[in-house]
Amino acid sequence: MNRIQDLEAQNLCDCRSLFYLFMAKSALADGSIKSEEKLRRTVRRYGELMGTAELEAHQKRGFKPNLLNFYTKSRYHCEDPRLVCECQRLNEQTALFNVVRCPFAHCAALYNMQKEAKIFCEEYTAACIEAYTGKVAQVNVSEVLTEPRNTHCRIASYYRPGNIPGDCWRKYFDSFMETCQPDDAESENPDAHEALVYSSRMMLTAFVSGSVDEKTAASGIRTAGEAIASFLKNRATCMEQKVDGDFLSRNCPFDFETMREDAQLAPFAAAFDAAMR
């Protein structure tokens, strides 16, 4: 049985997923190669924003930026409670994961948007880790669950001190030789609400900062607002709760009050409000 906090975290994740999927669908509507180029650039921009934020947070807290800390001491990446991931190897230099159940992929399948989701899966992690490591780490995503033929996501990342000039590697690693994950390495789970609100805001920033044209962004924002409103109304019914400000503050990562005062984002809030009536 899920705790109410788990359900709220799931709802926050699904809202962010829906925002991406409907923005991506709008971006790819004309079927052109340039449209896909712009969407991939937008996803990579989002990854860069998130990777840079993680790097700055770790530097501020005195953590060495490496793959072990990236995955165990994240500030802005919150795992969805429904995610099932097999860790094959994790240390300062290597991160090997198989994702066998992914709520993002499930959401994409429900809305028949695997194509849009697959682009995200192919671009985001590499861009995020590249930004976090100053474009030194190598990331390979060989399989993704948003491809119907695949049964898992395969994500392999390598960050080698030999690619860092001189003795500067000591700023990032405790050892030049690859070691096993220490037994006492504990994951620090970030505050789910804070992390998902921040990551959703960065996704919104990536889409409206010019990577896609204004008309496409406006169309995607309207449909995303409608989809998120419909989703939250359904979730409130299932959770036997009233859709009010308190419910939205705990289950939706977007601040619609602020958006109503922003000319560029007001259509998002307006579509959300209309669908909520």
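**Entry 1: a helix and a sheet**

Across which strands does helix α5 lie? I looked this up first, keeping in mind that the model is predicted. Helix α5, residues 114-132, lies across β3 and β4. Against β3, helix α5 runs at about 160°.

Next I wanted the sheet itself. I found an open sheet of 4 strands, in the order β1-β2-β4-β3, and the pairing is antiparallel. The edge strands are β1 (84-90) and β3 (138-143), and each of them pairs on one side only. On average, neighbouring strands in this sheet are turned by 15° against each other, direction ignored.

**Entry 2: strand by strand**

I began with β1 and β2. They form a hairpin, with 3 residues between the two strands. I noted 6 bridges joining β1 to β2, which run antiparallel.

**Entry 3: helix α4**

Which residues of helix α4 are buried? In α4, residues 103-110, they are Pro 103, Phe 104, Ala 105, Cys 107 and Ala 108. I also checked what covers them, and found α1, β2 and α5 among the covering parts. Just after α4, I noticed that Asn 112 takes a positive phi of about 55°.

**Entry 4: the nonpolar cores**

A reminder to myself: in soluble globular proteins, nonpolar side chains tend to be buried together. In this model, the largest nonpolar core has 77 residues. The members touching the most other members are Phe 19, Tyr 20, Leu 39, Ile 228, Leu 232 and Phe 268. Helix α1, residues 4-27, gives the largest share of this core, with 10 residues. There is also a second, separate core of 5 residues, and it includes Leu 12, Cys 13, Ala 195 and Leu 196.

**Entry 5: rings**

I counted aromatic pairs next, and the count comes to 22. The rings of Phe 19 and Phe 254 have their centres 5.2 Å apart and their planes at 45°, so this pair is tilted. Phe 19 sits in helix α1, while Phe 254 sits in the loop between α8 (245-251) and α9 (256-259), so the pair ties together parts 235 residues apart in sequence.

Phe 256 and Phe 272 make a stacked pair, 3.9 Å centre to centre with 15° between the planes. Phe 256 belongs to helix α9 and Phe 272 to helix α10 (residues 266-276), so this pair ties together parts 16 residues apart in sequence. Phe 256 and Phe 272 are buried as well.

Both pairs turn up again in one aromatic cluster, which includes Phe 19, Phe 254, Phe 256 and Phe 272. Tyr 20, Phe 104 and Phe 120 are also among the cluster's members.

**Entry 6: a charge over a ring**

Last, I looked at Lys 73. I found Lys 73 over the face of Phe 63, at 5.2 Å from the ring centre.

Definitions and conventions. Residues are numbered from 1 along each chain as its sequence is written. This is a predicted model: local features need pLDDT of at least 70, side-chain atom pairs count only at pLDDT 80 or more; totals for chains, interfaces and linings use all residues. Side-chain values use heavy atoms; hydrogens and water are left out. Two strands pair if DSSP finds at least two bridges between them. Axes are lines fitted to C-alpha atoms, for helices over the stretch in contact, and angles run from 0 to 180 degrees between N-to-C directions. Contact means heavy atoms within 4.5 Å. A nonpolar core is a set of buried Ala, Val, Leu, Ile, Met, Phe, Trp, Tyr and Cys residues joined through side-chain atoms within 4.5 Å. Buried means under 20% relative accessible area, exposed over 50%, partly exposed in between (1.4 Å probe, protein chains only). Rings of Phe, Tyr and Trp (its six-membered ring) pair if their centres lie within 6.5 Å; planes under 30 degrees apart count as stacked, over 60 as edge-to-face and the rest as tilted. A charge sits over a ring if NZ of Lys or CZ of Arg is within 6 Å of the ring centre and within 35 degrees of the ring normal.
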